[in-house]
Amino acid sequence: MAGGAIAASAPASIEARGWGWRHGGRRVHAVSGLDLRVEPGERVLLLGASGAGKSTLLHGLAGVLGGDDEGESLGELMVDGRPASAARGRSGLVLQDPDSQIVMARVGDDVAFGLENLGVPADEIWSRVGAALDAVGLAMPLDHSTAALSGGQRQRLALAGVLAMRPGLILLDEPTANLDPEGVYEVRDAVARVADETGATLVVIEHRVSVWLPIIDRVVVLGHGGVIADGRPDEVLVGHAAPLRAAGVWLPSDVPWHAHPSRARDIQPLMTAHRLDIARVPGVPVQRGIDLRVDSGSITAITGPNGAGKSTLALTMAGLLRPEGGRLDPGAPMAGARGNEPWRWRSRDLLTRIGTVFQHPEHQFLTGSVLAELEVGPRALKMSPAERSERIEPLLASLRLEALTAANPFTLSGGEKRRLSVATVLATRPRMLVLDEPTFGQDANTWRELARLIAGLRDEGVGVVAVTHDETFIDAVADSRFVLAVGGTAAMRDVPASDRSHGGGGSA
Amino acid sequence: MSIATVRSDLPLATINPVAKVAATIPLSIGLVLTLDPVSAGVAILCELIVFTAVGLGPLLWSPRTLPVWIAAPLTGVSMVLYGQPSGTTYWQFGLIEVSEGSIAIGLATMARVIAIALPAVVLFLTIDPTDFADGLAQTLRLPARFVLGALAALRLVGSSIDDWRTLALARRARGVADLGFIRRSLGQAFALLVLAIRRGGTLATAMESRGFGAPVERTWARTATFGAREWRVIAVGCLVAAVSVSAAILTGSWNLVWA
């Protein structure tokens, strides 16, 4: 019986006594002076500002922080009364990135991986693999390719891999931050089912509290000096709302922010697609016959399921991918570049015309410091040092990057990386802005800043195209929505929650 | 990316990959020792017969073996142009001298490349990387840590290909893609390396959290067997090598490269 096969392990307790950790090469402790006790079977949501050491604690509990050569440990961190680093196999960890935690090519082999490492006899492995896949709701052949899974399925596979090891403690480090809404609930429900069946102790880090609230029974808030709040979810969320909000936590009580209608005047078409065929890889079109117009002073959201070609459409509109067919006509404000086909424009000509913010900021970082990163575009436009700093100073201030000018872009937090990637694009003042999942994995603070910034740019006459799964974001800022469906139908419609509509596109 | 998956219904797909690799070794040694058209020609003939007989004919003529059919004549041509001249000279231009002898060497080289590369490519197309890792670790007893580490790294190849494409687009978007091809590629390669290291780090953490490297005797969910079928595959490999070498010796064309 599946349930019986995975329920055989006793839930684990956690105890931290004055625990701290300093990563090798850093001067400041990631965590210090932490005192915390979690009873067996408790389900804890771990909150706190970025940099408060939530992930470090989870990695410590999973025993993967490494030895003395990788950092310095203080105090004690115990799982079931034994040092966490020696309790490997008692805990299982699921990480944020769905793409980098799959080990094997086939679903069954991937779940079996941990069992092999723990020395479970081969004849027992496969029954445990089957039970774990059942428990997370992945009903597929054991030889199904892991590369063919969606993000939500990958995260459930990672959970199954952990579950098969029968841990007494399940640790989830933002397991749904990189998923579309469907994937978020898929994974949340699988976690709830698993927690019910096994009774295992659960510790989850997530910014989106409302998603996890139904399945947790305790909230712990970490600050730089240890635990700053601890208790029943309703008590903590109400009693400590202000510091939590400051830490970027999405509180269920928060009223969603809405932009005012566009104040832009003199609306002109910036880019018009006629019967456009799009392809990420030349010769393999993902959508055909798209009609879409991007106007100045308006925000168009491109939505649709995974695999429908949303990013491909955005990157084609941005002049980065060559259309497979049809026409893409730049409007009058785009004049001055060589020729009429955006994908043939010089890279430099794009800077003042179309700015693109990629889904993963790491893809667009080119230099070793925040300041140099911001100067890339202005330098390519041959601006003088005075002009450059005139452009960059206000951006640093408005996107809260002033204190980070010397930092390496790759070492920034997720929110800082996103803010920097937006700032680098704005430094050359493009007339059209293309954003690919700008709010993915962002905390509430960065989310609000981005929404305000984008609405402000729209008011100044910038035309914005945003690929997004984030319905709250669409409600807050979008003027119109362009829906792509898998298999090639597309439709334009206005955002229902508002009457901010003004023809964002040509198709019916 | 389908880089790590192999259709499991292919003939020989279930044979231990270690046996398949081992089967190609005797012929390779034989053909490296001599430079003559007979041994390689006979070997190619045997390979075509054997692969067709076991049902790998379609793979043999599929586009995936095309690199072999393209690379082999190219090596042959370079030997014709620059090989040790002997006999009648047909054409000369600077360092290039096409002679009776260099044409013979060219033909022999081309046949040799086909005879060695063709079975390697065809057999490799039937090898699933996971099975290969199982074979290396269980049959050959290579250290599991390295074998499985390399296997897991294969998961990242697909992501790296996507990364490369996106990096190119991102550079164009940031206004720096007007540089020369070489400078651009170098910068992009460095960025790819940074991304790969980060992904690798995450994967390593995920593997470690699932007990990889734990001080416990590892078990294997998939047992790599090495039985009669594997020995038969190796025997066929030895037989092809023996037939080719014998044919060369009997026809008097056996020609040790250092002789």
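This is a predicted model: local features need pLDDT of at least 70, side-chain atom pairs count only at pLDDT 80 or more; totals for chains, interfaces and linings use all residues.

Guide: Glu437(A) is placed in the loop that links β16 (432–436) and α15 (444–459) of chain A. The backbone of Glu437(A) has a phi near 50 degrees, which is a positive value in a residue other than glycine.

Arg481(A) belongs to strand β18 (residues 480–484) of chain A. Arg481(A) counts as buried because it has 22 C-beta neighbours inside 10 Å. Between Arg481(A) and Arg208(A) there are 273 residues in sequence, and their C-alpha atoms are 24 Å apart in space.

Chain A also contains an open sheet of 3 strands, in the order β12-β11-β14, with antiparallel pairing. The edges are formed by β12 (285–295) and β14 (325–330) of chain A; each has a single partner strand, so one side of each is without a neighbour in the sheet. On average, neighbouring strands of this sheet are turned by 10 degrees against each other, direction ignored. Strand β11 (residues 269–279) of chain A runs antiparallel to β14(A) and is joined to it by 5 bridges. In this region Asp277(A) stands opposite Gly325(A) in β14(A). Helix α10 (residues 310–317) of chain A packs on the sheet and touches β11, β12 and β14 of chain A, its direction making about 130 degrees with that of β11(A).

The contact between the chains comes next. Chain A contributes 52 residues to it and chain B contributes 41 residues. On the side of chain A that touches chain B, the elements giving two or more residues are β6 (91–94), α3 (107–117), α4 (122–135), α11 (347–351) and α12 (370–380) of chain A. Of these, α3(A) gives the most, with 7 residues. By class, this side of chain A has 29 nonpolar, 14 polar and 9 charged residues.

Within chain B, helix α7 (residues 144–173) and helix α8 (residues 181–209) have axes that come within 9 Å and cross at roughly 145 degrees. The crossing of α7(B) past α8(B) is right-handed. Among the residues that meet there are Leu156(B), Trp164(B) and Leu167(B) from α7(B), and Leu192(B), Leu195(B) and Leu203(B) from α8(B). The contact of these two helices has 11 nonpolar, 4 polar and 5 charged residues.

As to confidence, the mean pLDDT of chain B is 90, and 97% of its residues reach 70 or more. Within chain B, confidence is highest in helix α9 (residues 228–250), at 95, and lowest in strand β1 (residues 89–93), at a mean of 87. For the complex, the predictor gives an ipTM of 0.86 and a pTM of 0.84.

Key
Residues are numbered from 1 along each chain as its sequence is written. Chains are lettered from A and ligands numbered from 1 in the order in which they are written. Axes are lines fitted to C-alpha atoms, for helices over the stretch in contact, and angles run from 0 to 180 degrees between N-to-C directions. Helices (H or I, at least four residues) and strands (E, at least two) are DSSP runs, numbered from the N terminus. A crossing is left-handed if the near helix is turned anticlockwise from the far one by less than a right angle, and right-handed if clockwise. Two residues are in contact if their C-beta atoms, placed from the backbone, lie within 7 Å. Ala, Val, Leu, Ile, Met, Phe, Trp, Tyr, Cys and Pro count as nonpolar, Asp, Glu, Lys and Arg as charged, and the others, Gly among them, as polar. Two strands pair if DSSP finds at least two bridges between them. pLDDT is the predictor's confidence in each residue, from 0 to 100. A residue is buried if 20 or more other C-beta atoms lie within 10 Å of its own, exposed if 12 or fewer, and partly exposed in between; C-beta atoms are placed from the backbone.
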